[in-house]
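Visitor: Can you take me through this one bit by bit? I will ask as we go.
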Amino acid sequence: MLVMTGLQVWAQDQQMNTFIDQLMAKMTVEEKLGQMNLMPGTSATTGELKNSPLLQLIEEGKLGTVLNQKGVEGIRQLQDAAKKSRLGIPVLVGMDVIHGYETIFPIPLGMSCSWDLKAIEQAARIAAKEATADGICWTYSPMVDIALDARWGRIAEGNGEDPFLGSRIAETLVRGYQGNYGPENMMACVKHYALYGGAEAGRDYNTVDMSHVRMYNQYFPPYEAAVKAGAGSVMTSFNIVDYIPATANKWLIDDVLRHQWNWNGFVVTDYGAIGEITQHGLGDLQQASALALKAGTDMDMCAEGYIKTLAQSLEEGKVTMAEIDHACRRILEAKYKLGLFENPYRFLDPKRHETDIYTSEHREAARNLAAESFVLLKNEGQLLPLKKQGKIALIGPMADNRVNMTGTWAPTATNERYTTLKESMEQALQGKATLTYAQGCNFTRDSTLQKDGGFYRATPFRDSEQMKQEAINIAREADIIICAMGESAEMSGECSSRAILEIFDVQRELLEALLALGKPLVVLNFAGRPTVLTWEQGHIPAILQVWFGGSEAGDAICDVLFGDKVPSGKLTVSMPQATGQEPLYYNFLPTGRPVGENRQTFSKFGSNYFDVRNDPLFPFGFGLSYTTFEYSDITLNGRTASVTVKNIGDYDADEIVQLYIHDTVASITRPVRELKGFERIHLKKGESKEVKFEITNDLLSFYNYDLDYVLEPGDFEIMIGPDSCLEHLKKAILTVR
């Protein structure tokens, strides 16, 4: 990557400022508002626009940005229309490229479980390369919201519950997408600013209310990391912050984002968010639009509040010309950085669609990252990996289900090109073992769960008893049973909140019937969130959490099932014993009536439930391997903490070594432990490696009651191990004076 000197950056900025000054001097108020207007395209698939009204709006200077228009030919028409406008300002084209374009990587929550920053950055680079090959230069990603409640469907789009890991992934994704704004890079859009993952009861779009101390220490870090990595844009969230909708919150946007974090990109709303300000009770569309502009929101996505009301508000003195100019300028700067003024057709090379999309190289990267994302939750008796021999029964609603493999938020996927698990397994076992298949059950017994007549992409509904009997018949003749079960793709994602996280009843009934046969049984749990697997953990010999692995998921699952690759994924979310534990997270604050984290019994006056223990079923950072790793005690040498990790098992494998810190005495209550470092290492069987962590001041600092970022001297508990479970961590005390 070409790195510019400070002088070169200054010269480039001066050139940009001069260009935009001259352009804006020619613009009318209507043309400025047009740049602040974002509308949806007419096609999420490749195709021409034909007689779209968007073309007329662009020619008239009333529309500056379009979302969800896929394909070079259609986007070329947008730029042709822009060229015909009075000033010829190019169009910015955005798309929800969330976890890949046509080569689909695991859902973001799954990717985060790899803890592999190099692979995650590569995934973002590949997504950008493919999207720009189809004319798209702006992605509504990364989503960096901290999510503590598994009931919230959009947990699937983020990086889990931890602010440190979330920050590292956020900045990594920004670098991967944007690079140096080359012809194969696209602008990132950090979302959803802010606190969207804190929705009460896990219900999408719901109220968020928390202290500023919690915001700064737990929720803000990934946003800050992403914008300091150079993200070109930020998207506001739907929720309120301090009782003011985020899109109209001046403290959030102007004070924190722009001034405290010294960020100068542009802010766009989420879909229709300015219109939704009226539902929060802050006035009509004109009032809402004025509030959003004055708060620092630059671009209106699909509410048409700016284009329809701000001219009147300007005449009435409710907004100023300077506020409109600031918003318009930031959008023009983004187009300049993307090279659109120099060449509006920069991303419209039709040859690239054939050479740069869904290539063998991209597919291999997606397959490898998918395998790294899977988390082995249980492996009783070393049942896994399986041998490629005998008779294997593959059963379940995800076993031969093409369109569900990619998971939520994959609007650019070409599902017809992807293999099902059944097809991948047939290929992997060809000439070595016999594979039989039965669907066994639907995702749910109740078809009403298929929102909007099929939104959940469930398999066609058939008679449950007949399907169960078909599954029992093939399982009875098999040596081993593999069940591909869980959620369908759209049971997580936007507006897919769940109040009950246990496996659906019809799937449980099938599992019970299959277990009664006495055969070895493996569950592949497909999900876009942590689900409750308490019954499964007590009854099923082997459980592999596979999330939704993307376009190459079928092959990646086979790689891990049959031992060609060793599972190495670690949870980035706590998996509950019961839905009632939610929100559940490892870095909680202590109470005045603490209960031991793994306490087996009920404490009458302790902070606990009387029917479920406090600890998760599977903790943050947890994940088994086909091998075993042994950790030495911690050695402290000044501010350097080190452990030696040895592979004492039978497989070469990767391990993710995790550093946690606890501030034992502070001016405010501090979490029982916080992730402050990690390293992914590879060890051959019998090999040892020393892993070192430098304990910097930044790792020990926090925002105090006055929101000052401070390091308070004292004792810090240093913990290193394979996961966040207290009993699995080696411990030492570091004294800072």
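Visitor: How are α8 and α10 set to each other, parallel or oblique?
Guide: They are oblique, because their axes cross at roughly 50°; angles under 35 degrees count as roughly parallel, over 145 as roughly antiparallel, 65 to 115 as roughly perpendicular and the rest as oblique. The axes of α8 (residues 212-219) and α10 (residues 250-260) come within 15 Å. Axes here are lines fitted to C-alpha atoms, for helices over the stretch in contact, with angles from 0 to 180 degrees between N-to-C directions. Helices are DSSP runs of H or I with at least four residues, strands are runs of E with at least two, and both are numbered from the N terminus.

Visitor: What should I know about the model itself?
Guide: This is a predicted model, where local features need pLDDT of at least 70 and side-chain atom pairs count only at pLDDT 80 or more, while totals for chains, interfaces and linings use all residues. Residues are numbered from 1 along each chain as its sequence is written, and side-chain values use heavy atoms, with hydrogens and water left out.

Visitor: Which residues of α8 and α10 meet?
Guide: His212, Met215 and Tyr216 in α8 meet Trp251, Val256 and Gln260 in α10; contact means heavy atoms within 4.5 Å. By class, that contact has four nonpolar, two polar and no charged residues. Ala, Val, Leu, Ile, Met, Phe, Trp, Tyr, Cys and Pro count as nonpolar, Asp, Glu, Lys and Arg as charged, and the others, Gly among them, as polar.

Visitor: New topic. Is Ile480 buried or exposed?
Guide: Ile480 counts as buried because its relative accessibility is 10%. Buried means under 20% relative accessible area, exposed over 50%, and partly exposed in between, with a 1.4 Å probe and protein chains only. Ile480 is in strand β14 (residues 480-486).

Visitor: What does Ile480 touch beyond its neighbours within four places in sequence?
Guide: Its contacts there include Leu383, Leu386, Pro520 and Val522. Leu386 is 94 residues from Ile480 in sequence, and their C-alpha atoms are 9.0 Å apart.

Visitor: How many residues of α21 are buried?
Guide: Nine of its nine, for residues 553-561. Elements that cover them include α16 (360-373), α17 (421-429) and β14. Just after α21, Gly563 has a positive phi of about 85°.

Visitor: And the open sheet, what is its strand order?
Guide: The order is β4-β3-β2-β1-β10, with parallel pairing; two strands pair if DSSP finds at least two bridges between them. The edge strands are β4 (138-139) and β10 (300-301), each pairing on one side only.
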